[in-house]
Amino acid sequence: KGMPPLNLNCQISLNVLEWPSQSPDLNPIKHVWRDLKTAVQLCSPSNLTELERIFKEKWEKLPGCRCAKLVESYPRRLDAVIAAKGASIKYCV
């Protein structure tokens with residue numbers, strides 16, 4: 001069974017950019033997973049069933065605009081990675 005689609009509460013327009021293959025700092029999903037992990041840990045699930053329930057609840061409540069901001073920050077993060085010659089960068093949205 002798959003996850004329900006993310007509820008986007010805002011209108012976004014995206015330009016598709018080429019994605020460097022080895023650039024975790026440029027991958028917005030990395031930050032979404034961190035947000036979800038933090039939210040789930042704050043609930044301290046005590047078993048797998050509870051973990052799954054809490055995760056799904058937090059996933060459904062994840063603001064779509066958060067994802068949009070992450071995608072919109074891509075050009076700034078790309079410039080920072082280029083300036084750092086491919087090294088890790090400080091995350092900024």
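Where is the place of Arg77? Arg77 sits in helix 4, and the views below start from there. This is a predicted model, in which local features need pLDDT of at least 70 and side-chain atom pairs count only at pLDDT 80 or more, while totals for chains, interfaces and linings use all residues. Residues are numbered from 1 along each chain as its sequence is written, and side-chain values use heavy atoms, with hydrogens and water left out.

**View 1. Arg77 and its partner Ser73.** Arg77 is buried, at 0% relative accessibility (buried is under 20% relative accessible area, exposed over 50%, partly exposed in between; 1.4 Å probe, protein chains only). Its side chain makes a polar contact of 2.9 Å with the side chain of Ser73 (a pair of N or O atoms within 3.5 Å; within protein, one must be able to donate a hydrogen and the other to accept it, and residues adjacent in sequence count only if both atoms are side-chain atoms).

**View 2. Helix 3 against helix 4.** Helix 3 (residues 64-72) packs on helix 4 (residues 74-83) at about 40 degrees, their axes 5 Å apart. That angle makes helix 3 oblique to helix 4 (under 35 degrees is roughly parallel, over 145 roughly antiparallel, 65 to 115 roughly perpendicular, the rest oblique). Leu70, Val71 and Glu72 in helix 3 meet Tyr74, Pro75, Arg76 and Arg77 in helix 4, contact being heavy atoms within 4.5 Å. These residues divide into four nonpolar, no polar and three charged.

**View 3. Cys65 and Cys67.** Cys65 is partly exposed at 33%, whereas Cys67 is buried at 15%. The count of disulfides is zero, with a disulfide taken as a pair of cysteine sulfur atoms within 2.5 Å.

Technical notes: Axes are lines fitted to C-alpha atoms, for helices over the stretch in contact, and angles run from 0 to 180 degrees between N-to-C directions. Helices (H or I, at least four residues) and strands (E, at least two) are DSSP runs, numbered from the N terminus. Ala, Val, Leu, Ile, Met, Phe, Trp, Tyr, Cys and Pro count as nonpolar, Asp, Glu, Lys and Arg as charged, and the others, Gly among them, as polar.
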